[in-house]
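Thank you all for making time this morning. I would like to walk you through one structure, going slowly, and I will begin with a term that we will need along the way.

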Amino acid sequence: MKLQPYIFNWSRTNENVKYIYDQIDNCTVINSGDTNIVDCCHNIGDHSYFSAQFKKMLSLHDGTSTILHIQGDASYHDWSKLIKDSDHYISKYSAGIYYPIVNNTSWTADKMAVTKPSSQDDNISYVADGDETVWFIHPDIINYFNDHNLIEILQDNKYGFGWDLIFCSICHLKQIPVIRDNNHIIEHPKSKGYDFHEAWIEFKDVMKNLPEEMKRIADMIHNNHKTDDLKNHVDKYCI
């Protein structure tokens with residue numbers, strides 16, 4: 001698997017990002033700042049938030065590699081093992097997105113799990129979605145996003161609520177599995193350094209502006225913990 005790893009940095013995550021950067025080969029930092037903190041660093045200004053960083057990352061995608069996106073405040077003890085396992089399970093399950101578990105996020109593991117069908121491995125779960133903290137996105141999913149100009153939906157999005165929903169909706173729309181590896185648990189701080197109320201308004205705008213068929217899937221994802229609609233949908237293509 002060809003991999004393009006990216007870490008999103010902002011002022012309070014400098015030291016943690018440097019540590020992660022040293023653990024992962026060929027890594028690139030997208031920095032909300034004006035000064036390089038590592039050798040391979042794209043500085044987009046301290047006025048920039050998640051969506052600006054994500055758009056910059058997509059602009060650097062080579063069209064054929066899986067993207068690994070890591071938020072700068074994530075912590076883990078074995079990034080190389082996570083990357084190795086992602087390669088194995090993305091290939092085995094023909095997955096569009098591979099997630100670890102991430103602690104202290106809104107998309108909790110139990111809320112996002114699709115309880116049927118069972119996977120071939122005890123550590124792998126089919127999921128509806130999985131947050132935007134650490135995830136691997138297959139190039140086919142990124143190319144679909146670009147080819148359908150879905151970035152227009154996020155043109156005015158600042159804080160980033162909705163990117164995961166769109167990419168996971170693409171997977172479920174195309175009947176491509178979204179999987180989570182329960183052997184890997186990422187630590188993430190509870191505190192949020194942004195305006196949650198404004199971010200939630202942006203999320204509702206994303207939901208409202210999705211293409212109709214994708215909106216149907218996104219509604220299933222968002223209500224996964226309440227209904228069996230997505231479980232029944234996933235049952236058609238997950239082995």
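When I call a residue buried, I mean that its relative accessible area is under 20%, whereas exposed means over 50%, and partly exposed covers what is in between. Please also keep in mind that what you see is a predicted model.

With that term in hand, let us look at helix 8, which spans residues 212-222, and whose buried residues are Met214, Ile217, Ala218, Met220 and Ile221. If you look down the axis of helix 8, these buried residues fall within an arc of 155°, so they line one face of the helix.

What does helix 8 pack against? One partner is helix 6, and these two helices pack at an angle of about 105°, with their axes 9 Å apart, which makes helix 6 roughly perpendicular to helix 8. On the side of helix 6, the residues that take part are Leu165, Ile166, Cys168, Ser169, Ile170, His172 and Leu173, and they meet Glu213, Met214, Ile217, Ala218 and Ile221 of helix 8.

Asp229 is partly exposed, with a relative accessible area of 45%, and although Asp229 and Ile217 are 12 residues apart in sequence, their C-alpha atoms are 9.2 Å apart in space.

Let us now turn to helix 2, residues 50-59, where Phe50, Ser51, Gln53, Phe54, Met57 and Leu58 are buried. These residues cover an arc of only 160° around the axis, which puts them on the same side of helix 2. The elements that the buried residues of helix 2 pack against are strand 1, strand 2, strand 4, strand 7, helix 5 and helix 6.

That brings me to the aromatic rings, and to the question of how many aromatic pairs the structure holds. The count is 18 aromatic pairs, and I will show you two of them. In the pair of Phe8 and Phe54, the ring centres are 6.2 Å apart and the planes stand at 85°, so this pair is edge-to-face. Since Phe8 lies in strand 1 and Phe54 in helix 2, the pair ties together parts that are 46 residues apart in sequence, and both Phe8 and Phe54 are buried. For Trp163 and Phe167, by contrast, the centres are 6.5 Å apart and the planes are at 15°, so that pair is stacked. Both of these residues lie in helix 6, 4 residues apart, or about one turn of the helix. Trp163 is buried, with a relative accessible area of 0%, and Phe167 is also buried, with a value of 0%.

Finally, these rings belong together, as Phe8, Phe50, Phe54, Tyr99, Trp135, Phe145, Trp163 and Phe167 form one aromatic cluster.

Definitions and conventions:
Residues are numbered from 1 along each chain as its sequence is written. This is a predicted model: local features need pLDDT of at least 70, side-chain atom pairs count only at pLDDT 80 or more; totals for chains, interfaces and linings use all residues. Side-chain values use heavy atoms; hydrogens and water are left out. Buried means under 20% relative accessible area, exposed over 50%, partly exposed in between (1.4 Å probe, protein chains only). The arc is that of the directions from the helix axis to the C-beta atoms. Contact means heavy atoms within 4.5 Å. Rings of Phe, Tyr and Trp (its six-membered ring) pair if their centres lie within 6.5 Å; planes under 30 degrees apart count as stacked, over 60 as edge-to-face and the rest as tilted. Axes are lines fitted to C-alpha atoms, for helices over the stretch in contact, and angles run from 0 to 180 degrees between N-to-C directions. Angles under 35 degrees count as roughly parallel, over 145 as roughly antiparallel, 65 to 115 as roughly perpendicular and the rest as oblique.
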